[in-house]
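Reader: I would like to go through this model term by term. For each label, give me the value and the rule behind it.

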Amino acid sequence: MDEITFNESAELGAIPLKPSYKMIVLRGMVVFPGQTVIFDLGRDKSIVALNKAVENTQEIFLVTQKHQNTNNPAPKDIYRVGCLARIKQITKLPNDSFRVLVAGLRRMEIDSYISITPYFEVALKEFIARPSDQILMEAVRRRLNEQLEKLKKLDHKVPADAMRTLDINDTKTFVGIMGTHLYHDDSEKQKLLETPDEYSQLEDIYAVMMRECEIMALEKKINLKVRENIDKNQREYYLREQIKAIHDELGENGDEQEEYRARAASRKLPEEVQKKVDKELSRMSKMSPTSPEAGVSRTYLDWLLDMPWTEESDDNLDLKRAREILDEDHYGLEKVKERIVEYLAVHQLTANLKGPILCFVGPPGVGKTSVVSSIARAAGRKLVSMSLGGVRDEAEIRGHRRTYIGALPGRIISGMKQAEVVNPVFLLDEIDKMSSDFRGDPASAMLEVLDPNQNNAFKDHYLEVPYDLSKVMFVTTANSLDTIPAPLLDRMEVIELSGYTYEEKLQIAKRYLVPKQLAANGVSEKTVNIADDVLLHIISCYTRESGVRNLEREIGTVIRKIAVKVVESGKDKSQHYDVTESDVKEYLGVPKYRDNLKNETDEAGLATGLAWTSVGGVTLNIEVAIVPDGKGEIMLTGSLGDVMKESCRTALTLVRSRAHEYKIDPDKFTKYDIHIHVPEGATPKDGPSAGITMATAILSALSGRKVNRNVAMTGEVTLRGKVLAIGGLKEKSLAAFRAGVRTLIVPEENRKDAEELPAEVKDNVKILFADTIDSVFASALV
């Protein structure tokens, strides 16, 4: 490494101005007068300029380029004000670069460029400095002295040697030291160098010094805070290690809390849950591991850490696939399927489930639960089910408080833990079977669960932290809406699954039930053949239901009988069995029901009504007898409810008011007793749709006119003879069809509902619409 050192010559300020000077352009550095600085040269143009300057004189002009990333600066990229400097030492480095030590002399300004290549050579002119007011200079020096004392107390970047020799009265040296070490940005340094008067320079340094003192004070505060946190963490770590050593000496499991911490760290727990975990671990650390309280804490922590808080499954909302799955799993139910597809489409568009909660209502066996399973499969979600039948304790929904022995979360939280995701399909089965007692009202607790505006912060008594249920797709099922509280029903959209027709049951049996029972009983489909007429025979003579549950049992019985024959024949694969009606009688016994349940003859005082039950529609015979030598009393038998009793009295008054019109002797109302009876007295009966049937039977008995046995009717009646609308028309019409009735009288207001009746009913049953009781009498009486 070569090194050249130059001797000091004339005093710095006494150097005469020369016609031209070699110029070196510095990158990221500003040289001030009175400062001795070291910098490295690597650019060819700068090295040539340095060599030329050494040959002629030891003076060189140093100026800064405007942008550090400019590799080959042109005059437009170079500031005009710089510092004339004297070269004091040159050291050649191994990589062909040079390290130069210079002393700044004075500020100069470029007058013109003499040469640009192969090096910069410029003509300079004196930098014109303005004098400063001495009073202002004294004022700013005092302020600088105060600020300088503050700076010395902080972790400043000014070298200690420079700080010790710093003299504010030596303005040039002071400005050079502060500009070099206090300023960070090259443009700010250049601005300070170009400032023409000393007062403005000192004022600018004072402003920068104040800013730096504030920044360094904040840095010191932050450092102290971070150090305190580090010290606290180290202290906690040390204490935990001590506790761990104590547990090890006592033979206790000291790693248990660390395991819980590790489990919590591996989960993305909400902030409130994390605080609860930390608090419980803190309590647990003060307990003996063998104490009962420690066991309670372990159970609680396990529940918190096993619950899904952020995990969710990916939805598959392909509507075409959803339709295929629904059609594959269920026959018919077109309106139900369309509503489910709409539900999934809205969820796809809105990306949330803040819509109505679906409630499937229908008699047993119509496929409510299996429809929910298909929804889960179509949406690509996990299915969790919860039966609400017989639930009467609010704690079943909200859980028990941890103060109780053996406390556990409610069944909602238990279901979410089972699902392991926050967005399952949650089936609430038999929601109409909930009841209440002194332990609370679970139906009221369900209001929070099923309200989309509240269930994002469901509060279980055991967990004690809010749990988000807003991403859960809740679906409920019920047999009847009568027992569901109105506020709970208001939160759900009811979708009715009414009973199946004979044709629908036949298709369900062929497509689903027979293959299912063959597989369940190990019988090949090629071995057994059950013709359509045989299946219809089983449907009509061995089942009487809206759904297909009993039908599946009967088909299963037939298949099992054949399975016995297959085994007894030595499992001959060539053996084939064609089931006939006589075989059905052998397998299932004599028929349990008759195809035709209508009255065998036209009779006076006997009318056929229709009723809705939780298992579908049924026919209801109304019998009226006139007893002579009476006192005009009315007797009601057959386990009638209050509503039905009122319908009887209303019908009797209506007929009595029209006695003259239908040529009925008025004495029959005062000298005869009237007995109204509904058979099957062991079965309670009630409802508001038997009015016109009661009136028809009473009028028939009093007038002696017979009622057409092929006519069934349903509807309520007023004292003025107006026929009112009823519900459950589909189920009732199916009951009339199964009974062999050929004519069905319904209220005029139900004409709109008749359009949705099964084609099987509309093709075989004549439907008459009545708006007054007179039109009913005209159609029903012979």
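Reader: Where is the place of Leu640?

Author: Leu640 sits in the loop between strand 19 (634-637) and helix 21 (642-657). Helices here are DSSP runs of H or I with at least four residues, strands are runs of E with at least two, and both are numbered from the N terminus. The model is a predicted one, in which local features need pLDDT of at least 70 and side-chain atom pairs count only at pLDDT 80 or more, while totals for chains, interfaces and linings use all residues. Residues are numbered from 1 along each chain as its sequence is written, and side-chain values use heavy atoms, with hydrogens and water left out.

Reader: Is Leu640 buried or exposed?

Author: Buried means under 20% relative accessible area, exposed means over 50%, and partly exposed is in between (1.4 Å probe, protein chains only). Leu640 has a relative accessible area of 10%, so Leu640 is buried.

Reader: Why does Ser540 count as buried?

Author: Ser540 has 7% relative accessibility and therefore counts as buried. Ser540 belongs to helix 18 (residues 532-542), and its side chain reaches the backbone oxygen of His537 at 3.4 Å. A polar contact is a pair of N or O atoms within 3.5 Å; within protein, one must be able to donate a hydrogen and the other to accept it, and residues adjacent in sequence count only if both atoms are side-chain atoms.

Reader: What puts the buried residues of helix 26 on the same side?

Author: The buried residues in helix 26 (residues 773-780) include Ile773, Val776, Phe777 and Ala780. They cover an arc of only 95° around the axis, so they lie on the same side of helix 26. The arc is that of the directions from the helix axis to the C-beta atoms.

Reader: Why is strand 5 described as largely enclosed by the rest of the structure?

Author: Of the 12 residues of strand 5 (residues 81-92), 9 are buried, so the strand is largely enclosed.

Reader: Which strands run antiparallel to strand 5, and over how many bridges?

Author: Two strands pair if DSSP finds at least two bridges between them. Strand 4 (residues 59-64) is joined to strand 5 by 4 bridges and runs antiparallel to it, with Leu62 opposite Cys83. Strand 5 also pairs with strand 6 (residues 98-115) in the antiparallel sense, over 11 bridges. There, Cys83 has Arg107 as its bridge partner, and Arg86 stands opposite Ala103. Strands 5 and 6 form a hairpin with 5 residues between them, and Asp96 in the turn has a positive phi of about 65°.

Reader: What else pairs with strand 6?

Author: Strand 3 (residues 36-41) pairs with strand 6 in the antiparallel sense over 6 bridges, and Thr36 has Ala103 as its bridge partner. Strand 7 (residues 120-126) is joined to strand 6 by 6 bridges, again antiparallel, with Ile110 opposite Leu124. A hairpin of 4 residues connects strand 6 to strand 7.

Reader: What makes the contact of Arg263 and Asp302 a salt bridge?

Author: A salt bridge is a side-chain nitrogen of Lys or Arg within 4 Å of a carboxyl oxygen of Asp or Glu. The side chains of Arg263 and Asp302 meet at 3.1 Å, N to O. The pair links distant parts of the chain, with Arg263 in helix 7 (residues 256-266) and Asp302 in helix 9 (residues 292-306), 39 residues apart. Arg263 is partly exposed at 29%, and Asp302 is partly exposed at 26%.

Reader: How many salt bridges does this rule give?

Author: The count comes to 37. One of them has Glu311 and Arg267 with their closest N and O atoms 3.1 Å apart. Glu311 is partly exposed at 29%, whereas Arg267, at 18%, counts as buried.

Reader: Why is the salt bridge of Lys335 and Glu756 said to tie together parts of the chain?

Author: The side chains of Lys335 and Glu756 meet at 2.7 Å, N to O. Lys335 lies in helix 11 (residues 334-350) and Glu756 in the loop between helix 24 (751-754) and helix 25 (759-764), so the pair ties together parts that are 421 residues apart in sequence. Lys335 and Glu756 are exposed.
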